[in-house]
Amino acid sequence: MPQKEYEIITGIIVVVFILLLAGIFIIALVSFNNQRKKRHIDEKLTMQSNFQQELLRTQLEIQEQTLKNISQEIHDNIGQVLSLAKFNLGTIDISQTDKLQQKIDDSKNLVGKVIQDLRDMAKSLDTDYVVQMGLARSIEYEMEMIAKTEAFDTSFEINGNVYKFDQQKELIVFRIVQETLNNIIKHSNASRIKVDLNYGLSNFRISVNDNGQGFSANQSQEQERSTGGLGIKNMRNRASLIGAEFNILSKGGEGTLVEISLPIK
């Protein structure tokens with residue numbers, strides 16, 4: 001075979017081989033990209049599913065806590081006020097005209113208070129009451145319920161102009177705050193609770209502070225490993241679902257500070 005023909009055949013073989021390799025590379029690249037896209041779609045669907053499940057769990061927990069609050073309110077407040085009204089009416093003596101009007105006025109005031117409390121509770125019975133009242137008012141209502149127990153000195157402050165953001169995010173933020181308050185009531189041995197809401201232009205921040213017994217960093221880590229740290233792990237996971245930062249600062253004997261920070265787009 002002449003040298004020239006051999007070189008041509010060799011060149012053709014090399015070109016075919018290169019094209020074959022290029023084809024294999026392109027097919028592999030397309031396949032890899034398709035797998036990556038599929039994996040990304042699957043991860044996105046999983047995240048959406050997890051978010052919806054967490055949102056549903058949050059709504060159910062809010063409803064459960066609301067029913068507990070209402071039960072406690074009926075037992076501790078409304079029942080007591082109605083008993084006072086009944087006692088007041090039962091001690092009316094028609095012959096004592098000088099005290100009659102005062103007794104009637106006192107009874108009317110007591111019944112009026114019960115009616116107002118029942119109206120407030122009726123609002124909270126609505127499963128979407130957090131959405132309707134807004135995050136700030138919902139948290140303020142929780143603080144009012146705590147204040148009624150007279151077991152804590154409470155403080156609630158709002159800084160900046162109140163605005164609403166995504167309803168689903170508001171529900172999850174509210175539940176984190178609600179869970180934090182429950183932990184303080186049950187475990188902190190605190191006498192004071194302070195909640196601050198800061199509405200910034202690009203960032204929304206909530207801080208919940210108490211003067212309770214607190215805990216050390218080692219205790220916190222041990223709690224998170226063993227029991228979820230009184231819901232700390234759960235709250236942190238919920239915050240991450242909505243793109244918020246969750247921080248907790250505590251020191252034995254010096255109270256606890258919980259902060260939630262959410263960027264606002």
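Q: Where does R175 lie?
A: R175 lies in helix α5. Helices here are DSSP runs of H or I with at least four residues, strands are runs of E with at least two, and both are numbered from the N terminus. This is a predicted model: local features need pLDDT of at least 70, side-chain atom pairs count only at pLDDT 80 or more, and totals for chains, interfaces and linings use all residues. Residues are numbered from 1 along each chain as its sequence is written, and side-chain values use heavy atoms, with hydrogens and water left out.

Q: Is R175 buried or exposed?
A: R175 is buried, with a relative accessible area of 8%. Buried means under 20% relative accessible area, exposed means over 50%, and partly exposed is in between, with a 1.4 Å probe and protein chains only.

Q: What is R175 in contact with?
A: Leaving aside neighbours within four places in sequence, R175 is in contact with T58, E61, I62, Q65, N182 and R238. Contact means heavy atoms within 4.5 Å.

Q: How do α5 and α7 pack?
A: Helix α7 covers residues 232-241, and α5 packs with α7 at an angle of about 165 degrees, the axes being 10 Å apart. Axes are lines fitted to C-alpha atoms, for helices over the stretch in contact, and angles run from 0 to 180 degrees between N-to-C directions.

Q: What does that make them, parallel or antiparallel?
A: α5 and α7 are therefore roughly antiparallel to each other. Angles under 35 degrees count as roughly parallel, over 145 as roughly antiparallel, 65 to 115 as roughly perpendicular and the rest as oblique. The crossing of α5 and α7 is left-handed. A crossing is left-handed if the near helix is turned anticlockwise from the far one by less than a right angle, and right-handed if clockwise.

Q: Which residues make the contact?
A: From α5 they are I172, R175, I176, E179, T180 and N183, and from α7 they are N234, M235, R238 and A239. The residues of this contact divide into four nonpolar, three polar and three charged. Ala, Val, Leu, Ile, Met, Phe, Trp, Tyr, Cys and Pro count as nonpolar, Asp, Glu, Lys and Arg as charged, and the others, Gly among them, as polar.

Q: And α4 with α5, what angle do they cross at?
A: Roughly 15 degrees, with the axes of helix α4 (residues 135-148) and α5 coming within 10 Å. α4 and α5 are therefore roughly parallel to each other, and their crossing is right-handed. On the α4 side the contact is made by L135, S138, I139, E142, M143 and I146, and on the α5 side by E170, V173, F174, V177, Q178, L181 and I185. By class, that contact has nine nonpolar, two polar and two charged residues.

Q: What does I185 touch?
A: Not counting residues up to four places away in sequence, I185 touches I146 and F152. I185 and F152 are 33 residues apart in sequence and 8.8 Å apart in space, C-alpha to C-alpha. At 39% relative accessibility, I185 counts as partly exposed.

Q: Where is N189?
A: N189 lies in the loop between α5 and β2. N189 has a positive phi of about 55 degrees although it is not a glycine. Most residues other than glycine have a negative phi. At 64% relative accessibility, N189 counts as exposed.

Q: New topic: how many aromatic pairs are there?
A: A search of the whole structure finds three. Rings of Phe, Tyr and Trp (its six-membered ring) pair if their centres lie within 6.5 Å; planes under 30 degrees apart count as stacked, over 60 as edge-to-face and the rest as tilted.

Q: Why is the pair of Y163 and Y199 edge-to-face?
A: The ring centres of Y163 and Y199 are 4.9 Å apart and the planes are at 85 degrees, so the pair is edge-to-face. Y163 is in the loop between β1 (153-159) and α5 (167-188), and Y199 is in strand β2 (residues 192-199), 36 residues apart. Y163 is partly exposed at 22% relative accessible area, while Y199 counts as buried at 7%.

Q: What about F165 and F204?
A: F165 and F204 form a tilted aromatic pair, 5.1 Å centre to centre with 50 degrees between the planes. F165 and F204 are both buried. Ring pairs link Y163, F165, Y199 and F204 into a cluster.
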